[in-house]
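Please work through the exercises below with the sequence and the model at hand. Each task is followed by a solution in steps.

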Amino acid sequence: MNKPLMAKATAVWLVDNTTISFKQIADFCGLHELEVQGIADGDVATGVKGFDPIANNQLDQIEIDRAEKDPLHKLKLKFNAAAVGEEKRRGPRYTPLSKRQDRPNAILWLVKFHPELSDGQISKLVGTTKPTIQSIRERTHWNITNMQPIDPVALGLCKQSELDAVVQKAAAKSAANGEVMTDDERRKLVSTEQSLAADPEPRMPTAISGLETFTLGGDPREEEEERHEPILDADSFFNLPDADEDEEDDEDIR
């Protein structure tokens, strides 16, 4: 147990009955410090009745006394022997009603971009059933024409760390079976941490974007030939007589 039962109600009781700092209450109850401050100001948890952690065997009075004397002291949840050996119940992930309509789009995204994932892995990741996954794989789902692949992380159906862990596990299984992955599949298996830690790819200046296949310089021999070509003026294109010849013709006529 990482935080007390009814964490917000416990925070309300600690704010009303102790002089513990907001930071200590936030760390103990798993809340944000500003949220605890909002409880003290009356802006958050309005109407919530305080939950006494001492009477409910979650906190000792000694811990509260120490926290009041030392602002750096962290409250420790009281040991509960009944919780020892308690395991998380297995089964599909619970999905809120407001997000259940987005699950087919998330399944389509996983099937399209991570075909190495098994139906069981997808089922645990987004909280669905294997027949639904199979119908989307075979494109026999009743609403397949209106579905669009959307990242389940963007939909809030799972965390990015959970998706990375499942993908890495599927990659390790494929490698153990001797399957060879393509370059595109290897790029998909890069986790978020590895992607953020990678060096950014060099970008081409926008001034020459789209001119990658063109050379900016010409043949030097052609430039040399252009230098030796005679320079022609406009008069050279017309057979006009010289000015002296025109004057001689005029004198003969006279």
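The exercises that follow concern a predicted model.

**Exercise 1. Helix α6**

Task: Determine how many of the 8 residues of helix α6 (residues 119-126) are buried, and what the buried residues pack against.

Solution. 
Step 1. A residue counts as buried when its relative accessible area is under 20%.
Step 2. In α6, the buried residues are D119, Q121, I122, S123, L125 and V126.
Step 3. Because 6 of the 8 residues of helix α6 are buried, the helix is largely enclosed by the rest of the structure.
Step 4. The packing partners of these buried residues are α5, α7, α8 and α9 (160-176).
Step 5. After α6 comes G127, which has a positive phi, near 70 degrees.

**Exercise 2. Residue N105**

Task: State where N105 lies, decide whether N105 is buried or exposed, and name the residues in contact with N105 beyond its neighbours within four places in sequence.

Solution. 
Step 1. N105 belongs to helix α5, which spans residues 103-113.
Step 2. The relative accessibility of N105 is 14%, so N105 counts as buried.
Step 3. Once neighbours within four places in sequence are left aside, the contacts of N105 are M147, Q148, P149 and I150.

**Exercise 3. Cysteines and disulfides**

Task: Find how many disulfides the structure holds, and decide whether C29 and C158 are buried or exposed.

Solution. 
Step 1. A disulfide requires a pair of cysteine sulfur atoms within 2.5 Å. The number of disulfides in the structure is 0.
Step 2. C29 has a relative accessible area of 0% and is therefore buried.
Step 3. C158, at 7% relative accessibility, likewise counts as buried.

Conventions
Residues numbered from 1 in each chain as written. Predicted model: local features only at pLDDT ≥ 70, side-chain atom pairs only at ≥ 80, totals over all residues. Heavy atoms only, no water. Helix = DSSP H or I, 4+ residues; strand = E, 2+ residues; numbered from the N terminus. Buried < 20%, exposed > 50% of the residue type's maximum accessible area, 1.4 Å probe, protein only. Contact = heavy atoms within 4.5 Å.
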